Amino acid sequence: MDEVKVIEIKKSIFEDNDKDADLLRKELKAKGVFLLNLMSSPGSGKTTTLIRTLNLLKDKMRVAVMEADIDSDVDAVKILRATGVPSIQLHTGGMCHLDAEMTRQGLDNVAMDGTDLVILENVGNLVCPAEFDTGAVRNAMILSVPEGDDKPLKYPLMFSICDIVLVNKIDVLPYFDFDLEKCREYVRMRNPRARVIPICARTGEGVEAFAQWLDDEVTAWKKQ
Amino acid sequence: MHELGIVFYIIRDVKKAAEENGVSRVSGVVMEIGEVSTIVPEYLLDCWRWAADKEPMLRGCELKIHTVPAVSWCDSCKQEFPTVAHGKICPHCGSDTTWLLRGNGVEIKEIEVPS
């Protein structure tokens, strides 16, 4: 039998990415750019929510958007047409998430100097994006009513890393067994710090509160 | 899809470690994977075979998975309990103020090289 030599490694596969992400955050800080990582399941209304939010913020600050998808540029084109906000499309080439290195490559294509806020629309997925720190200053996620109020129990990591949870499509609450209070409680169990804002991206209800939160966060990041 | 992404990170780190140690071929990689890491070992092994065989340094290299049990901590009664069997609720006192202590990691423990 062949002898084998064993070399001890003892290293998490997320370690390099975590370091890259911390470095990216430092660079963003130095440039005064706030990066928001927006995550959710496919079809929860990320793009519609984003369009509403951008229209509330675009006259107050300089905003740019990075759309991450496995393929296609439908979201970037839609954002640009609906808001006039510069939007670039990132293709992950089959990967189910973005990591800090891919985020940096995307940021290199955004005119960062003078930009106050960059919003990264991550790949629609509640598992992988939670594991890879993108280097964003804050993490936000959207949970839509048809998905069910028990999602925080099924995807604990996603809810534990988010600073804010938007509960979208509240206009259809009467048609679903979705208990908003129960949902708040489940989010609290995973993450007592997370703020929960019920919204309806279609009508615009509640989106102002999210835009205000974002406005305050951007101001605080630039001041600190 | 998730597991394939993870495999690419493992390959990157193994190649880096091999280079640092002046090794040109790796015959085995030992992983320590937490019970609640959301990785399905069977899928990981399938993805590994497909991707590793495309790397000259890793052709035929075996991926070995050691599962690390998930353990939670109860803030109320200050005791540990197995996470998978009991979930969020402490089996000792019934409290839900419990936290995962370990068992969600994905770590490369060691690599094996032909001597």
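**Chains A and B: worked exercises**

Strand 1 of chain A pairs with strand 6 (residues 106-114) of chain B, antiparallel, over 7 bridges. Strands are DSSP runs of E, at least two residues, and helices runs of H or I, at least four, numbered from the N terminus. Strands pair if DSSP finds at least two bridges between them. This is a predicted model: local features need pLDDT of at least 70, side-chain atom pairs count only at pLDDT 80 or more, and totals for chains, interfaces and linings use all residues. Residues are numbered from 1 along each chain as its sequence is written, and chains are lettered from A in the order written.

**Exercise 1.** Describe the side of chain A that touches chain B.

*Solution.* 
- Count the contacts (C-beta atoms, placed from the backbone, within 7 Å): 19 residues of chain A meet 25 residues of chain B.
- Find the main contributor: strand 1 (residues 4-12) of chain A gives the largest share, 9 residues.
- Sort that side of chain A by type: 11 nonpolar, 2 polar and 6 charged. Nonpolar means Ala, Val, Leu, Ile, Met, Phe, Trp, Tyr, Cys and Pro; charged means Asp, Glu, Lys and Arg; the others, Gly among them, are polar.

**Exercise 2.** Find the bridge partner of Lys11(A) in strand 6 of chain B.

*Solution.* 
- Go to strand 6 of chain B, residues 106-114.
- The partner there is Ile108(B).

Key. Contact = placed C-beta atoms within 7 Å.
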